Each structure stands twice: as structure tokens, then as C-alpha cells.
Amino acid sequence: AALALGRQILLIRKGGLLDAEGSFHIEAARFFLSPTKWHQDANLLKSAHHDLLENDATAQRGVLILPVWAQVERAWSLDARDEKIEEKLMRLEHIWSTRYLDVRLNYQSEKPLQILALRVHVLDAPHVIEARPEYFGCKSWIELEDALPTSPSRPAQSAENFARRLENAQRILGDGNC
């Protein structure tokens with residue numbers, strides 16, 4: 001929801017239990033985002049963003065609703081054990097609390113922290129597809145049976161705002177790749 005509403009451009013991942021080797025890897029530069037509140041509680045968000053947990057208009061039994069798609073514009077792989085990483089993460093523009101960042105850093109601390117800058121687009125009408133059992137679980141990526149169009153859609157935030165946030169992230173984290 002924070003990405004779709006233009007509140008942030010960053011996604012932080014380490015990997016789900018069902019990901020290959022339990023680590024996160026970028027499998028596609030363009031993909032749909034499936035809204036979820038799994039593993040979420042108000043303590044993991046800055047108080048200004050608690051409203052994101054109030055409604056879940058995207059949840060429906062038996063279907064998966066895909067309201068947005070994203071393009072990876074930049075990616076960083078950071079050593080979670082770096083003594084300066086928490087300071088860097090706190091300087092980034094995002095919705096997460098210090099507690100969330102600590103959880104991310106301490107979970108499988110030997111694995112790198114992956115940060116993606118995403119250019120998010122909101123579909124004019126969300127895709128509604130059958131929810132298959134293989135789509136669920138602690139994994140970062142699922143392969144859809146059919147290709148879905150990414151238009152018509154609109155950017156979640158202006159090009160100027162996105163560029164400013166990306167520039168800020170690069171100033172803090174370096175150039176990254178992608």
C-alpha cells in the first residue's frame with residue numbers, strides 16, 4: 001500500500017523461507033505486487049503510517065488481486081552486519097520503524113540486505129486472478145500462469161518526486177546496480 005500510495009519507493013528484502021537458498025534474488029525487472037499484511041503489526045511502522053493497516057480492500061477469498069506493477073530502477077546489496085548500515089537505513093525515506101529495521105538486519109544476519117528502488121504504477125483496473133495454492137507461502141516470487149498487461153496504468157508518484165527520492169537513496173547507499 002505504501003508503494004501504491006507513493007509514500008515510498010523502497011522495498012527491503014532478505015528472502016522468504018521458500019526462496020531458493022532462503023535468499024532474495026531479483027528474478028524479474030518488471031513485476032506485479034500482491035498486497036499483503038502478513039507479518040505486519042503497527043510496531044513495525046512509523047506511527048504516521050499506521051493507517052495502512054486499517055483496511056484491506058484487496059482481500060477476497062479465492063482470488064489474488066494485483067492492483068500495481070513495478071519496475072526495478074536501482075538495487076543495492078548491503079552487508080547486514082555493517083556497523084553503519086542502521087544509520088544509513090534510518091536516513092532513507094520509508095515507512096518502517098526502527099524495530100522493523102532491527103528485525104530485517106538481525107534475521108539471517110549473514111545474508112545481505114537487498115534494497116530495491118521501484119518505480120510503481122497503479123493499474124486503472126486491478127487484475128483479479130484465481131488464487132492457486134502455489135501462489136502462497138514465504139516466498140518472494142511467483143510465476144503466473146498467464147502474462148498480464150501493465151496498461152492502462154499511472155505512476156504512483158510524479159517523475160520529479162520519484163527522481164528526488166531515488167537521488168536521496170543513491171546519496172546514502174551509493175550507486176548500486178541495475
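User: Which residue follows helix 2, and is its phi positive or negative?

Analyst: Helix 2 is followed by Gln108, and the phi of Gln108 is positive, near 45 degrees. Helices (H or I, at least four residues) and strands (E, at least two) are DSSP runs, numbered from the N terminus. This is a predicted model, in which local features need pLDDT of at least 70 and side-chain atom pairs count only at pLDDT 80 or more, while totals for chains, interfaces and linings use all residues. Residues are numbered from 1 along each chain as its sequence is written, and side-chain values use heavy atoms, with hydrogens and water left out.

User: OK, which residues of helix 2 are buried?

Analyst: In helix 2, which spans residues 98-106, Tyr100, Leu101, Arg104 and Leu105 are buried, where buried means under 20% relative accessible area, exposed over 50% and partly exposed in between (1.4 Å probe, protein chains only). Seen down the helix axis, these buried residues fall within an arc of 130 degrees, so they line one face of helix 2; the arc is that of the directions from the helix axis to the C-beta atoms.

User: And what do they pack against?

Analyst: The buried residues of helix 2 pack against strand 1 (10-13), helix 1 (85-91) and strand 4, with contact taken as heavy atoms within 4.5 Å.

User: How many residues are in the largest nonpolar core?

Analyst: The largest nonpolar core has 26 residues, and those with the most contacts inside it are Leu10, Trp76, Leu89, Leu92, Leu113 and Ile115. Such a core is a set of buried Ala, Val, Leu, Ile, Met, Phe, Trp, Tyr and Cys residues joined through side-chain atoms within 4.5 Å. Two or more residues come from each of strand 1, strand 3 (63-78), helix 1, helix 2, strand 4 and helix 3 (159-173), and helix 3 gives the largest share, 5 residues. Apart from this core lies another, of 14 residues, among them Val68, Ala70, Val72 and Ala156.

User: Switching to His121: where is it, and is it buried or exposed?

Analyst: His121 is placed in strand 4, residues 113-130, and it is buried, with a relative accessible area of 14%. Leaving out residues up to four places away in sequence, His121 touches Pro67, Val68, Trp69, Ser153, Arg154, Pro155 and Ala156.

User: Stepping back, what pattern does the protein follow along the sequence?

Analyst: Along the sequence the pattern is β-β-β-α-α-β-β-α, with 3 helices and 5 strands in the protein. Buried residues make up 39% of its 178 residues.
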